[in-house]
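Reader: I have a model open and want to learn how to read it. Take me through it feature by feature.
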Amino acid sequence: MLKNLKTSIYLMIPKHHKADNQWDLLIFTQSWPPTVCKVWSDKPNHSCNLPSPEHWSIHGIWPTKLGTMGPSFCNKTWLFDPEQVRPIENTLEDMWINVEKETSLYSLWAHEWSKHGTCAAQLEQLNSEFKYFSKGLEFINDYTMTNILNEAGITPSDNKEYKITDFHNAINSKLGVNPAIECRKSKGKQYIVELRICFKKDLTITDCDGIVREVSVGNLRILSNCDTSKGIIYEYNAKPPQRILLQLYRLTNLIQWLTL
């Protein structure tokens with residue numbers, strides 16, 4: 001009887017609903033703000049707010065199923081509430097940066113929570129806005145690419161191009177896992193934009209194998225979308241923001257968000 005009841009309940013659940021909430025790994029993604037800004041600024045009438053001094057920023061914590069993308073938007077009624085992250089807001093502004101000046105201060109956080117956080121929330125360690133964003137801050141404190149790359153002698157440069165193996169080896173040697181490396185192109189040149197590391201559901205670090213396509217570099221198989229025939233530019237911030245203007249921007253966006 002109980003078996004039949006379980007079967008009946010299963011048949012009543014839409015298959016797409018069941019699949020939408022299944023995932024295998026968490027991808028912790030850090031982005032390089034100058035490249036994010038460059039890609040954003042390639043569009044008409046777009047400008048940026050960049051951190052000063054320059055450092056890698058959190059993009060998000062993304063639950064993912066191996067061999068595919070997603071899940072995403074697991075609970076569309078669970079909307080982002082700025083009040084839930086108010087105790088850590090100042091740190092988020094410094095470490096989880098929205099460089100896109102024409103968008104709201106909270107738009108990146110709201111997007112990451114709605115698309116990814118509501119799916120990650122099946123874990124007790126991530127089952128609230130505060131826990132989700134706090135875990136991102138914890139991850140970047142423990143695994144910041146700023147320090148990992150600096151230790152390997154990989155630093156921003158106006159006149160040097162790196163190889164994809166430089167980034168892969170720096171992270172693999174330090175953390176003992178295979179990362180994922182993302183590039184973007186702008187005006188014919190290739191720039192580093194994201195570095196990703198992965199975690200199991202118990203939040204232990206693991207290889208990112210299976211989350212994206214691989215490229216061959218000699219006898220190495222590297223997780224990346226980068227063009228291995230081109231060098232990778234890791235450039236400086238072009239124009240660090242003036243602090244007073246940044247504070248004014250934050251105040252303006254808070255007022256706009258509260259009056260929506």
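Reader: Let me start with one residue. Where is Asn-98 found?

Author: Keep in mind that this is a predicted model. Asn-98 is in the loop between helix 4 and helix 5.

Reader: Is Asn-98 buried or exposed?

Author: The cut-off for buried is under 20% relative accessible area. Asn-98 has 10% relative accessibility, so it counts as buried. Check its surroundings too. Asn-98 and Ser-57 are 41 residues apart in sequence, yet their C-alpha atoms are 9.1 Å apart in space.

Reader: Which residues does Trp-96 touch, not counting residues up to four places away in sequence?

Author: The list includes Ser-57, Ile-58, His-59 and Gly-60. Leu-108, Trp-109 and Glu-112 are also among them, as are Tyr-132, Phe-133 and Gly-136. Take Phe-133. It is 37 residues from Trp-96 along the chain, and the two C-alpha atoms are separated by 8.8 Å.

Reader: Now the whole chain. How many helices and strands are there?

Author: Nine helices and nine strands. The chain has 260 residues, and 45% of them are buried.

Reader: How do I read a nonpolar core?

Author: In soluble globular proteins, nonpolar side chains tend to be buried together. Here the largest nonpolar core has 50 residues. Those with the most contacts inside it are Leu-26, Phe-133, Phe-167, Ile-192, Leu-195 and Tyr-234.

Reader: Which elements each supply at least two residues of this core?

Author: Strand 1, strand 2, strand 4 and strand 5 do, along with helix 5, helix 6, helix 7 and helix 8. Helix 6 gives the most, with six residues.

Reader: Phe-167 keeps coming up. Which residues of helix 8 are buried?

Author: Phe-167 is one of them, with Ile-164, Thr-165, His-168, Ala-170, Ile-171 and Leu-175. Thr-165 counts as buried because its relative accessible area is 16%. Leaving aside neighbours within four places in sequence, Thr-165 is in contact with Val-217, Leu-220 and Ile-222.

Reader: And the span of helix 8? What is expected?

Author: Its twelve residues reach 17 Å from first C-alpha to last, close to the 16 Å expected. Next comes Gly-176, with a positive phi near 75°.

Reader: How do I read backbone angles?

Author: Most residues other than glycine have a negative phi, and most peptide bonds are trans. So look for the exceptions. Phe-73 is not a glycine, yet its phi is positive, about 50°. Lys-187 also has a positive phi, near 50°.

Reader: Where are Phe-73 and Lys-187 placed?

Author: Phe-73 is in the loop between strand 2 and helix 4. Its 36% relative accessibility makes it partly exposed. Lys-187 is in the loop between strand 4 and strand 5. Lys-187 is exposed, at 77%.

Reader: Which peptide bond is cis?

Author: The one from Gly-70 to Pro-71, with omega near 10°. Pro-71 is found in the loop between strand 2 and helix 4.

Reader: Last feature. How do I read a pocket?

Author: Rolling a probe the size of a water molecule over the atoms shows where empty space is left. In this model, the largest pocket holds about 870 Å³ of space. It is lined by 36 residues; the closest to its centre are His-59, Trp-62, Arg-184, Glu-194 and Arg-196.

Reader: What is the lining by class?

Author: Sixteen residues are nonpolar, twelve polar and eight charged. Strand 1, strand 2, strand 4 and strand 5 each supply at least two residues of the lining, as do helix 3 and helix 5.

Technical notes:
Residues numbered from 1 in each chain as written. Predicted model: local features only at pLDDT ≥ 70, side-chain atom pairs only at ≥ 80, totals over all residues. Heavy atoms only, no water. 1 Å grid on protein atoms, 1.4 Å probe; cavity = no way out; pocket = protein on both sides within 12 Å on 5 of 7 lines; lining within 4 Å. Points joined across faces, edges and corners; volume = space filled by probe spheres on them. Helix = DSSP H or I, 4+ residues; strand = E, 2+ residues; numbered from the N terminus. Nonpolar A, V, L, I, M, F, W, Y, C, P; charged D, E, K, R; others polar. Buried < 20%, exposed > 50% of the residue type's maximum accessible area, 1.4 Å probe, protein only. Core = buried A, V, L, I, M, F, W, Y, C linked by side-chain atoms within 4.5 Å. Expected span 1.5 Å × (residues − 1). Contact = heavy atoms within 4.5 Å.
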